[in-house]
Structures are given as C-alpha cells and as structure tokens.
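Visitor: I would like to learn how to read a sheet and how to read the relation between copies of a chain. Could you take me through both, beginning with the general idea each time?

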Protein chains: 6
Amino acid sequence: MPFPDLTHPALGAYRSSVEMPGDFASFWSDTLAQSRAAGGKVEMVPAETSLKLIEAFDVTFPGFDGQPVKGWLLLPKAREGKLPLVVQFIGYGGGRSFPHELLHWAASGYAYFRMDTRGQGSGWSMGATSDPVGTTPSIPGVMTKGVLDKNDYYYRRLFTDGVRAVDMLLDQDFVDAERVAVCGGSQGGGIALAVAGIDRRVKAVMPDVPFLCDYPRAVRTAGRDPYLEIVRFLAQHRDKSAQVFETLRYFDGVNFARQSNAAALFSVALMDDICPPSTVYGAYQAFAGSDKTIVEYEFNNHEGGGPFQDREQMKWLGKRFGMA
Amino acid sequence: MPFPDLTHPALGAYRSSVEMPGDFASFWSDTLAQSRAAGGKVEMVPAETSLKLIEAFDVTFPGFDGQPVKGWLLLPKAREGKLPLVVQFIGYGGGRSFPHELLHWAASGYAYFRMDTRGQGSGWSMGATSDPVGTTPSIPGVMTKGVLDKNDYYYRRLFTDGVRAVDMLLDQDFVDAERVAVCGGSQGGGIALAVAGIDRRVKAVMPDVPFLCDYPRAVRTAGRDPYLEIVRFLAQHRDKSAQVFETLRYFDGVNFARQSNAAALFSVALMDDICPPSTVYGAYQAFAGSDKTIVEYEFNNHEGGGPFQDREQMKWLGKRFGMA
Amino acid sequence: MPFPDLTHPALGAYRSSVEMPGDFASFWSDTLAQSRAAGGKVEMVPAETSLKLIEAFDVTFPGFDGQPVKGWLLLPKAREGKLPLVVQFIGYGGGRSFPHELLHWAASGYAYFRMDTRGQGSGWSMGATSDPVGTTPSIPGVMTKGVLDKNDYYYRRLFTDGVRAVDMLLDQDFVDAERVAVCGGSQGGGIALAVAGIDRRVKAVMPDVPFLCDYPRAVRTAGRDPYLEIVRFLAQHRDKSAQVFETLRYFDGVNFARQSNAAALFSVALMDDICPPSTVYGAYQAFAGSDKTIVEYEFNNHEGGGPFQDREQMKWLGKRFGMA
Amino acid sequence: MPFPDLTHPALGAYRSSVEMPGDFASFWSDTLAQSRAAGGKVEMVPAETSLKLIEAFDVTFPGFDGQPVKGWLLLPKAREGKLPLVVQFIGYGGGRSFPHELLHWAASGYAYFRMDTRGQGSGWSMGATSDPVGTTPSIPGVMTKGVLDKNDYYYRRLFTDGVRAVDMLLDQDFVDAERVAVCGGSQGGGIALAVAGIDRRVKAVMPDVPFLCDYPRAVRTAGRDPYLEIVRFLAQHRDKSAQVFETLRYFDGVNFARQSNAAALFSVALMDDICPPSTVYGAYQAFAGSDKTIVEYEFNNHEGGGPFQDREQMKWLGKRFGMA
Amino acid sequence: MPFPDLTHPALGAYRSSVEMPGDFASFWSDTLAQSRAAGGKVEMVPAETSLKLIEAFDVTFPGFDGQPVKGWLLLPKAREGKLPLVVQFIGYGGGRSFPHELLHWAASGYAYFRMDTRGQGSGWSMGATSDPVGTTPSIPGVMTKGVLDKNDYYYRRLFTDGVRAVDMLLDQDFVDAERVAVCGGSQGGGIALAVAGIDRRVKAVMPDVPFLCDYPRAVRTAGRDPYLEIVRFLAQHRDKSAQVFETLRYFDGVNFARQSNAAALFSVALMDDICPPSTVYGAYQAFAGSDKTIVEYEFNNHEGGGPFQDREQMKWLGKRFGMA
Amino acid sequence: MPFPDLTHPALGAYRSSVEMPGDFASFWSDTLAQSRAAGGKVEMVPAETSLKLIEAFDVTFPGFDGQPVKGWLLLPKAREGKLPLVVQFIGYGGGRSFPHELLHWAASGYAYFRMDTRGQGSGWSMGATSDPVGTTPSIPGVMTKGVLDKNDYYYRRLFTDGVRAVDMLLDQDFVDAERVAVCGGSQGGGIALAVAGIDRRVKAVMPDVPFLCDYPRAVRTAGRDPYLEIVRFLAQHRDKSAQVFETLRYFDGVNFARQSNAAALFSVALMDDICPPSTVYGAYQAFAGSDKTIVEYEFNNHEGGGPFQDREQMKWLGKRFGMA
C-alpha cells in the first residue's frame, strides 16, 4: 500500500485543526528579544578548500541566548554589488558537513549560507555546533527534549538560531536585504517555515517535504521516525499527552504558516511516510502569503523531488529575485 | 548463527586490552569531591501506593554537581534494627517507573533503592530526573553525548549520581553500612560496576549482562544498539576515533573492575548481541576482588538469566549478608 | 500508520456481530460438570523463596477432566480473617515462572493466585503444566489445536482450568467468597473474561488488552500473531473456514461478556496490532454487567497501560473490595 | 556473508561428536515391537482425481501405538508384476496435500507412497493425520513436544509411523520387497534416515538437506527455525539443557546413519542456514552403508538441489533398481 | 492488517477505469502479422527423462519477430486421436525448468505445453530463452524495459510469443483445435489473458491471481514487487508518468479481457498484496466472455488457491473439454 | 557483528587468487578496436541551467559498437589554456542525473565529465542512455546479463563506453592530455579501474569502495546486492558455476589493476558488506602502478569516506596535476 496517507481529492480538501495559542506571537517576540539581548560575537574565517570559483567562510554567530552556532557561507569569487541571499537549513540528524558539498546556489550567483544544527550533526552528515542545554526525560533524538514546557523545548532554541542567522547575514554588506530566501528539506523545511513565520524580512520560503507541521495529525499518521519519537514518549509517559500537545502548538509549521507573508514554493511527496502529505498540505493551505505554489511528487517517498525540485527552485526564485 | 561472539574455550581465555589511564583514580576522586562540595538537599516523601506490607518513599537527592536525582526507596513495614541495603541501577532508556513494580528485595527484608537515570526514563519505563547538561553534536541516545571530552561525557554525571546515592543512603539510620550491595542489568550493571569501583564502602556488586565494558571490543563486536551509537558517530566523525576512545577509557567497566574489592556475582549470556559475552568476561577477568563468581546462560540473548538470576542473587547475597 | 484499526468515533460505535450459539450455556455447564465429576487432588506445598513478608505455595489442582494444573499462591505472612482473592491468568506462550516475580497483590493484602497455562510456559516465561491432549493437523501454537470441533478445541480445556482454579480456591478457609476477582493481560484477559462469563461467583473482572475476543473481526484485522495462526491455518485448509468459525463462537470473549454480571475494568490500547482495539470494544460493549469501565491508552501497542493500569486496578478493586 | 557454516576443507573434515546411547537399538526395537503389537486396520480407498495414467489411493494405516496415519499411494495404471517402491516423507509443517501434486515417481514406473505427518499438515500444505498425544510445556511447533523424556518425544511417534508405513506397504502384493527406497527433504530426509536406520528392509535412502541431524551442533549453528525452537525453549527452561540433549541423542540422524546398511544418496546446500551443512555432513560421514554419495549445491540455501536433485535421484535409483 | 486492498462489498462493486486505446486491436494485429511474417523454424527434440508414462519434447519455436523461444511439450505415451491442449505460462522471474515437474495435465490425458519466458528464467526456476532486445534506462526486472514506447515494451514481445506458441501447437496433428486452453498463475495468468484476448482460437482461459491487470490501480495499491518496479521508476523519472501509463494501456489485462470470448475460470486471493484483488476483479468484471467464474480464497496471499485451484481447473476444464 | 569480512592483519595480508586469462589483453584490445571502428558522432549541446560560474554541456558520444552514450561536461566559465580532466563513472543503478548536482571538480578548475550508464539510470538517479542489447536468462539487474559468454556480458559494453569517453574527451582542445584522471564510487570505481587498466593515457585513478573486483571471493563474501545477483543466478542455474566464473575473469578489477601504471588513490570501508574490504584490497594489492595509496574508513559501511574522501581526492590530485 504505497500511499500512507490521504490521496486526492481528500488530500487537497484537508485543513489542519491545529489551534493557534493566543500568545503565540508574543512567545516568539519575547524569545527573540531575549536572544538578541544576549548578544555574542560573529566570526568569519576563510575556509580551506580547493575551490577556485567560490569563496567559502567558516562562520560562527550567536544563536539562541547568544550560544555560538556554526555555518558555511559561500560566495561567488567574481561578484559585484549586493547579492541575493539563500539560507538553507538541514534535515534531521545532519550537520553542515563540508563547504564543497552543495554549490549550486553560489555557482548561480547567490550568497548562500548553510546553518549548522545544534547538537545534531552526527547521523548522516557532520556538524560542529553544540546544544549546551539538557532535558527532562526524553526519547533518543531531539523531538521530546524539553517537550513538557514550551520554554524548554529544543526547537525553541533551533528556530531562534535560524532567525539569528538572518540577523547576522543582514549585517553583511554583500547581502541585498530585499532578496532574502530561506529553504530546506524535511526538518530544514520546518525551520524555514518557522523563520519565515517569525521574521517578515524573509521574502521567499521554499520548504521541501517539511517536517514539524501539524503535530496532532503527524504523530498519528507517520509510519517512521522522527515523529514517532513522540509516540514512543507518550507510550511511556501515558499521562502527559495533553501537556505535550500544548507545547507543540508553539512550534507547529501550520501556525508559522499562518503568520507569513513571504512568497512560498512548497513541495510534497504523496508516498512520504516520514512527513505525511496531509501534514504538508496542512501547512500549505494555512500559509497566509498570497504568492504560493506547491509541487507534487506522486511516486516519491521522503526523498521528494530531489534534483527536479532544485531546478524548480532555481527557476522560481530566479524569476522573483531577478536572477533568471 | 546464534553465537555472536567468542565461545568457550576462547571466551574464557579472553582478556581485555583496555588501557588504564594514569590519572583514572584522580579523575574520579576529583569528580566526586567536586560533586560532594556542590551539596544539595535530600527529600523523602511517602509515596502513595496500595501496598500494605512495604513502605515506599519518593526520594530526591543531590547527584553530579548537586543536580537533583530521583529514586524509590522501599522498606519492609515491619522492620527492626539496621537493614542491609540493595541499590539497583536501571537499563538503557528506562526510568524508575512506579514503586510497586520491583518488590522482591524489600519483601525479603532489605532496604531497597532504585535510582532513576538522568534524562533517560522514556524508552521502556518512565523516569522523573532531568539531565540539565547539553552536548556537542551527537547521535540520538546518550552514548555519544559529550564523548569528545572526558569532562563532558554523559556517564561522568550518571556514575557520579550512583556514588552520591550511596552517600545519601549511608546517611540514613535504617541502613547498615557494613552490608551495602549494588546491582543492575545491562546499563544498570555497568553503573553498578562503576560505583563499586569508585566507592570502597560497597561490599557486594551484582552486575547482570553488564553494558559499558571493554568499549574497543564492544563497538567492534555488538550487533545491536546502544554500542552501535558510537559506530554511527564515528561513521560521520571519521576523524575522531582516537579522541573518542581516549574518553571512553575513563568510563570502562574493565577499569572500574580493576579497582574494586567487593564480592561480585556476574552473569553473562552467550547469545547476547547487545552486550557481547567477551566484553562481560573482559570485566569479570579484570575484577580485582577475590570473592567473584560468574553465572553463564548459554542459550540466552540480552534477557540473560531473568528470574533464575534473581534467585541466584537472593541466595548469594543472603549468604553474605546474613539473610539466608 | 500507527493506528492499525478503527479510531474514534467509529471505534466507540463498533458492535461485534459474533453470533451466540443456542447451546452456548449448556455447552459450558456440561463441560464444567464433566470436569468436576472427574475429581482430582489438591496439593499445596510451601515454596522455597527468600521472601520474608509473603508466604508462597506451589499448588497443584485438578483442571479440565481432572488433569493436574499448577499455580503459585501468595499470601501476606501477617494476615487476619478472610482475604479478598485475585486470580491472574497468563499471556500467550508464558508460564507461571517463579513466585517472587509478581508481588504487588499479595503485598497489598490480597490472596493472590497465578494459574499456570497448560502446555505453554516456554515462550517468555517458564511453566510446569502439561496439556496431555493432542490435536488434528495444526499450526505451531495453540490457536488451531483441535479447532475443527468445539469439544477438541484447546481453549475448552484452558478455560475450564480457570473455573476449576476458582473452585479450588473457594475451598480454602483464607478466601473471602464475596470478594473474588480475576484478571490478566492479553490471553490472560481472555481467560478472565471466560471465567467471569461462566462462573457467577466471580465479582470483579479486570481484562487488559484482552485476546480471544471477536474472532471473525480479529483474524481479519490483527497484524501480528497469534490471531494470524488462524489465518495461516485457513490459508492451507482453504475449505474449513465455516467449520473453524463455528467452533470459535463457543470460545469468544464477546459471548462470555454477554453472560457476565461482575464488575469490570477493561483496558485497551489504540495502537495494538495484536489485539486490535475494535475487538476489545466488541467485548466491552457486549459486557452485560452494569458496573463497567474501560481505560484507553492512545499511544500504546500491545503493552497497553503497563504499570499505569496496575495502579488503576489496585485503586478500582480496592474501592470495591474494601481495601482502599 | 552467504555461508552460515563451515566451508571446505573444514566442512569435509568435520565429524559429529554426538554420542550413541548404549540402549539406542533396544529403545527403538522396543518401541517398534510395542507399536506393532497395538495392531490396527489398513484402508485403501480409490481417490477421486482427474488422472488417467495413474491410480491414486487414499490410505489409512496404523502408526505409532496403532494410531491411524494417512498417506497417498500412486501406481501407474498400466503395470505388470511387482513394482519398486519409493516412500516419501514430508518437510516440517507440511502435510500430504493432494494426490496430483507429485507424480514423477509413479510416472516413472514406481509404486509411490507419500506419508502424512501427524499433527502438522497446516503450515505450507494440508495434512489429514492427528497426533492424539499432548505435551509438557513447549514452544510452538513440535521440536520441544515432550522433549524432557525420550518416551514422550514427538519424533518417537513420527519415526515409528515411518517404519509402520513400510510394514504396511510390504504387505501389498504389488510391492517388490527387494526394491524399497525412502526419501524426503529436510524433515522428510530426517525421517528417511531414521527409517533406514531402524529398518534393514530399506535398500536405498535419499535424504535431501536432512533435518534432525547432529542436534548439539545444529542448535548452536542454525540461523532460522525450526532448530531454534530448541534454543528458545532452553532460553526459558534455563536448567533443562542436559535433559534435553539426553533425549535428543535417541532421535539424531547421526546415530541412525551409524545403523544403516542401505545405499545412500545425500544432498547438501552450502548456504543452508536452516539445516547447516556441517550437520548434514555429520550424518553423511557417519553413514555406515558403503554405497554412499553426497551431492553439493554451493550457492543454495535450504531449497537445495530442487529439480536437479530429483533428476539425480531418478538416475541413481533407476540404476540400482533396474529402472534406467 | 491482513487485507491490503478492498474487501466485499466494495471489492465486488469495483470496476476498472483503464481506458481502451482506439488502436488497441490494430496495434496487436499489426504486431502479430509482423511476427508471423518473420517466420522461423520449429524443432521438437525428445527430452531425456526417466518418465515411462509420458513423452516429453524439448521444443523451440519462433516467437516475436521470429526470435527462438523454448518450451516443454508433454504427451501421454498411450494416446489416441486428437488431444485437448493446455498451454501454461510462467510466473515472474521463472523459467520452464525441467519436464518432470508439472505432470498433472499430461497425466490427465491432455497435450500440455509449458512456454519458457524470454530473458527471465533465473529467479525461482531455470529458463533457456534469450530476450535479444535491450532497453532504455530501466529498473532491475522487466516491468520498465522499454516502457517509454509501446513498440519497445518488453511485454509486447512476451505476449506475442504466447500467441505464436498457439500457432505452433495448432500446426501439430495431435492437437484438437476446438479444445485449446491457456492458463497460468500471476504473470502466467496475465499472459494467458493477453493470449485469450488477442487470439479467438483459444476456447478457455484460466488465470490465477493474474498479474499485469489494471496498472493505474495496481501500481498505487500493490505492497510488493513487481508492480513496484514501476513506482521506483517513476520515483526517479518524475516527469514520465503520463508517458508510462500511455504505454501500459496496450498491455493491460483489463483491455485484453474486454476482447475475449473464451470461457474463463479466474481465481483471486483476498490477502494478495502482490496482485491486489481489486485489479483481478477489474479484469474479471471487464471480461467479455459470458461463461465466466471466479473462485475466491479469502485467507491467502499471492500463493492463492494452490492445489485446490488445480483441482477446480481439472474439473472445470474436464467438463468443457469432455475429459471428466 | 559490524565487520562482515576480514580485519587487520589478515585483511592487509590478503591477496586475490583471481586468475588472469592468457588472452585478457587481446580480448580488450580487440573489443576496443572493433568499437572504435564502428565510429559514430559526438554532440555537445549547451545545457539549460541557472549556473553562472560554470558551463554545462549535454554530450552524446559513440560508445561500445558506436552505440550512443550520454554524459554531462562541466567547465569553469572563466578558463584559460588546457584544463586537467576528471571523468567520473556512476554507481550501480544510477544515471547522470542533472548537471547542477556535482560541481566541486569544475568549481576547482577542472574539466569534469560524468558519464551516463547504459540501461541503468533509474534506481537512485536518472539516466538517459539505452543499452540496445538483450540477454540470455538473467536475474533482475545487470550482473548476470549475458554472463554465460564473455562476448555477451553487459560489462564488456559498459567498460568500453568508459574508454570511448576518454577517446572523445581527448579530442577536445580544452583538455590537457597529460592530466587525465578517472574516478567513481562502487560500480563507478570498478569502471574507473577497468578504464585505467585498458587505457594507458589515464594518469590517475581514484576508485572509492570499488565494486566488480575479485568476483570469486566477492560473491562468497558480500552480504547484500548486487554481488548476490550472481549467487541467486547460480542457485537456479546450478550447473553453470564454472562457466560464469570463466566469463567474470575478463571483467575483474583485480586483473585490470594488474595492467595499470597510473597513480592510484583507493578508499575502502571496513564495515562494507556490499563491496567487502578484502575484495578492494585484492585489487589494491594487485595494482601495478607504483604511486598507490589506500585510505581506510574503519567504521563505515558502503557509504565509505563520503565528503572526507572528496577532500582527500582534491588534495591528492591537485598535488599531482598542479592544481593545489
């Protein structure tokens, strides 16, 4: 049974029932204010590579609470004026790896920043950023780290890192503040949605098969990890279900989508049993920006559109940012 | 091929080649001194249960760096004089759960304490203790949390909690300081070995199919998690192998065994592919105490001796602690 | 797709369509009469344990056709007057194991009897009771043993053992005949339902994630063994489907539930793919007694409520049996 | 690692260390005498088929203790004089199925009898023979049925059925008593070895990838069921290992091989992880008859030589029985 | 969840929505004409076997484009007049194997031909026929070989081989042209449907759990290979979905069924997750011949009715061909 | 057991026993001569991408027998003089995909060509090249396509394509004929070894975890596909083992290694169960060139060194080709 979730027409008709907390906006503005207040230092060190057409920098910037976060910045060596910016976030378990690995945005004339993911960076690619904060009892992985309290939840820190990355990049003179895009696949797409929902300076968001959307449906529909970390947690902490879903409302891509006015290019895979398509549609249909598009891949699982979607993105963003 | 590791006679002849760091003893005495200096408060609150023969207390005590750690204390309601003490540590991923679940030690006349495991307590039973400390990039689970530096490694905190539990219990007037035993299965056995290796007040140690022993062999022999968390970490952090094994020497059950003078009752399962039997033998053969025994279960995997070994323990300890 | 079966509201609305055979009551009263007539001897031998607060007896009693069946009887050493009784039956493949393993009922002041399961007792715990009766061609396991004829079916013998255990216990002077409860998880819950359906002396029944309910739906819904033993049987004996379901009507928890007037505390797990929740609801909704409650565990598979449900049971039964 | 067991040259050099019980021969002659004394009736009813070249009979004959056992007898419709006989036994879990399914021996001019397997006949083909005898606690399947006592063990009954089938067939006037062969794959091969070891009237035995050989090695080498039923039994009945292996000596193909003077054509598959090749070699090397051959299939698992080996058998037996 | 697809009543009510191409008939008549025009030689060489009642011939005949195709022809040695004919096609991955393996049709008085499958014959039985034609990029297996163009598709060649086999057999004087049947299981059933749809000389068709039916539903419903080869192809060739389904319409059992006027005996298994039952019903309901029957096996997966269905076929065909 | 093959010191001491056919060199020179004689046209069409720093060309060139083969050519837009060349071959089942996907060589100043793989290009990335040649009966996949005759074997065509790609590139004026390197991972590494073994113009070869080496050991050691395609083939074609290994000698990386005088940078993963490390060492130790290095990844399976090895290659080749 290749389709693990709704199919059309039920899929297109689906709307998420995630509730928006009354203090959602203030929770995030307070969080951000507190982290900005914490300050911290930005470092950009030229990275050693064999690349001759592209410059690479090893960047450290202050994320949540001023805690240091890493990333790679790639710039076309031959450049003039201010560049449009693409910030990419990374999928679950991965890290920023090496600068030579994802060159197509810089090779297309963009400033490109790949933000590392705190405490992850070990499962399928290597990271270099610590998460210095611990947790109440949790399931291996980050999905239930601090999940009993919205102030302790892991993703509060990670989403804040994402906005602080934009802060840091907008401080650079080579970045054109009118052409800021965020993107990512899976968890990276979830972070991109969050950043675009919190920060109005983001003009375009390109989430691919995004994770971290429509939790109440996702944990009851997904067939594989990481959403099932939450299921396993609740299988032991049998009395904590309400408390957990109360926290998750503050971190749900559906609620971030409701806040965003960026242009959006989503992609979704109809055989995806990690990020079930209805949860992606839940976020897409809730997305408040009027320039929004979704690309469907009927026969794909969580790998989604892969290089086909890269091409879609380069075309779609090029048109909007004058790079076509 | 049911046997995943050496069989006899090679198994009995195996000796671990783990190296003892020169500063092993001072590392642990410094760690302990620092945590004792941090102080902290002990609380014992009667627990609500339906039990009529056994009293249960919900205990909070200061563990590593004074951080609060939970546990259940069970005492026979009808008791006289000082009681022998059994402290049990818990397997990987579990928590202290409820007080009614493991009654045989208290029902046999012992003071019994089940220590919770910081930050775990979600995978197969519920815990209530936080681990407030974060981590460098790591694999889901605790095996690689802070593994790049011996001072940051997760098990530095957990093993210290174990010794601090003994500190707290020896302060209670119902405990007979001459009859202190520690035990546990798998990770619980690893903690028991560590506590018995650090703390000479422990008179008996009963590790069942112990985990956290003979890392260099274990990560190259185990067929299933959690040792393989380290393999997956090194599969990405391809340049960190020496650094990781340098840290692990300070947390290896083989080295703790070399320090201990307690009486010891080990058990080992010859079809165990989680804690390969050679790694258990590695610790057993290195164990310095002269009153030591190992019970073999030829046809068991990691479940080991189960209730058969419970009975062995009750008989063996009863004889040594005058409870037979 | 974590939910293998109906979810609410369809789940709550589901009613089993199992048919009640006209001679159901007489089939069971005849069976019981014949076994009682066969007589047999009761033996209670003190069991060797290290327990000091609880007395344990190794019991042999005459079950179906007078065939000897084993069990452990546990009594609080300090006791006065007649005790309320809890009889527990065991899950599929298990046996009575050792007396020290499940102490919470005796430690709470109950007489507690754990009945062994004939011919099983090898899969996950050890038993000591033979099933001297053979079978027509069958699938490994007991689900299709003698399934072509209701008089030959394995569960005719096992359910009769359960009632005969109550017979034997009510003959003991320490048991209060007005406070008799039966319980069990999975197969144990199915036996408990059967015994409470056959024997009106049972005042309370506590089936957890009960097995052996609503066969026609169960064999078409379960995702894992043991219900699938029946599927595999019918996959070869392609012409025997009607005959098999005719037999199973006499052994269906739904039909036993229709006969019972005990108080009932059910539990069900909504992600259970061994005993699908609709089959549990099938029995629960059919349960004839008016004091009935069901506890749901949304995020659990067949492990169900575990220690949470133990606590529910101790509270619920304590209230009804004056032990709170 | 496709080879689950020894490879050459170690494979060819391997000799089983199974011990021959002193009373092995008398155990079997007593068993047989007792079953022959029990008597019982033979029935041969023409079977309804569409076959025009072959006659089929539905046979019932007295097996162990006179208990009725079924089989199909196939004879070439056009026949003259006495026919050579091939008796085939069936693999684990299967039954005699339908007469039209295995025609090549009858179509080649042999009298062919396929004996049903008591109590099995449900797993992959359908049987019609009951096993009226029960069991001490056992693992699903027949490997541990009655395994604690050689007189109760399941295979005592099944092997006796095999010899009694030969008895019955030699009573028929169409059978040439000088040309009797037995064969079978896996469990069928094990039965064939047993029958040829007990009964000197058998002139040729053709075991393919035989099961039930060299138990002490088999249960420690096999990677899949059914040998592992014994491992699972011993994993719970941790104190019964010696008792179990004491029983198994009386049912070991290696010991039967030591008794046989028939001509033998073995086959073995070097990637077989159900019946590891060393256990087959164990029986082959012990085989006492001087006309013995073994055919190896290097790249096969338990399916062995399949139709290639059928052809080998027809050629090999044809030459010995004058049918080439 | 044992039922991977629709169950009754939805199953019986299902009708396939596969579209019939306007040039379907001409595509196949052109294909056939071209292959007949290519000519080629027929060879029938007596096969070496030990069979005494049945003659076997190793046949080579010209298939698609005159390319040589193999098969076994079996005839009752004792025969008179013209024989009814059964042509069997083989399941996915198999080959014709040896002549002694499937004797029941010949032993029942039929001329029986088992056609080899070009280029397969390696997965579960051995074949001897090449497919000399290559392919555009494809997934391992034949499902996507040449799938981008109906003229290049693998099954164009294989189905044509099937009709050419009938051509060849009708040229033989021992065949009764009024009694020609085709059959097969899985892929063999799909070929049988195709041949019966293309060639009106076929009087009876017996497809068991047929494959290659109702592709648009099949690739979205099947849980296991080989339909999923197409899913995997489209997962990479994300832009080729329309093109692939356009090709498949010319090879869909539903469309062949719409063309056929033979008598038909289908079988279907309701737990079949390789050839989902709705796709079989899709073909059955579309079947144009008026003498049609379907046999259901509720508790079987893709093994279907096995020997039960063999018996159904022998009875059903015997009645229609005067062989009862 | 994470290590599926030999470990050190046995691993380093291992030498392959593959035999070199006497006509190996002439077989390949004849093959090449014939393909060169077949001629064919080269096409280079600018590819549509958004890349601004790199030019991409869609190349078609004549491969084996002049059959058209595709590839992507990437050149730094800003370039001067002749460029060093890197030709990359692709792993099993993949295709050339899109030009934007692997940019690091062109971004480092090299001319970079990624050759498509005939008939594959569907399993994990998309290809565009047909293999117009068919096959004798084979297992799904290409490993047994035509394997019964060295002239028909699939890899004869694919390896020739590789040499013809070098022919085509050396005809371009932007390529420096003194600085030609070939590389690839897994199958790509096997092709690279073959091309470097056939064609002395290749100055550097960088095979990562190479496939297609030391077949006799590989098919008996690998734990996963694709080597096991050969095992499955021989499991059915039980009489073809010698014939298959005779063919494979002509396509074995060990024999190509014996012919090469290029500089070589190998990588090997010690937990690789697809391309077992001993088979890689077999080729490495046989490699005839004197400037050879092997990089080991102890804790990796077939993913090998990943981006770590990319960096090694850029450094190693940069030093040799004056690009550091």
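Guide: Let us start with pairing: two strands count as paired if DSSP finds at least two bridges between them. In this predicted model, 9 strands of chain D form an open sheet with mixed pairing, in the order β1-β2-β3-β5-β4-β7-β8-β9-β10. The edge strands are β1 (43-46) and β10 (292-297) of chain D, each of which pairs on one side only, and from one strand to the next the twist averages 20°.

Visitor: How many bridges join strand β2 of chain D to strand β3 of chain D?

Guide: There are 9 bridges between β2 (residues 54-62) and β3 (residues 68-76) of chain D, and these two strands run antiparallel. As one case, D:Glu55 has D:Leu75 in β3(D) as its bridge partner.

Visitor: Which strands does helix α4 of chain D touch?

Guide: Helix α4 (residues 154-170) of chain D packs on the sheet and touches β1, β2, β3, β4 (83-89), β5 (111-115) and β7 (175-185) of chain D, while its direction makes about 155° with that of β5(D). Helix α10 (residues 277-286) of chain D lies across β9 (263-269) and β10 of chain D, running at about 165° to β9(D).

Visitor: What rotation superposes chain B on chain A?

Guide: In general, two copies of a chain are related by a rotation about an axis and a shift along it. Here a rotation of 180° with 0.0 Å of shift along its axis superposes chain B on chain A, with an RMSD of 0.0 Å. That is the relation of a two-fold axis. Because 100% of the interface residues of chain B are also interface residues in chain A, the copies meet through the same surface.

Definitions and conventions
Residues numbered from 1 in each chain as written. Chains lettered and ligands numbered in written order. Predicted model: local features only at pLDDT ≥ 70, side-chain atom pairs only at ≥ 80, totals over all residues. Heavy atoms only, no water. Least-squares fit on C-alpha atoms with pLDDT ≥ 70 in both. Contact = heavy atoms within 4.5 Å. Helix = DSSP H or I, 4+ residues; strand = E, 2+ residues; numbered from the N terminus. Axes fitted to C-alpha atoms, helices over the stretch in contact; angles between N-to-C directions.
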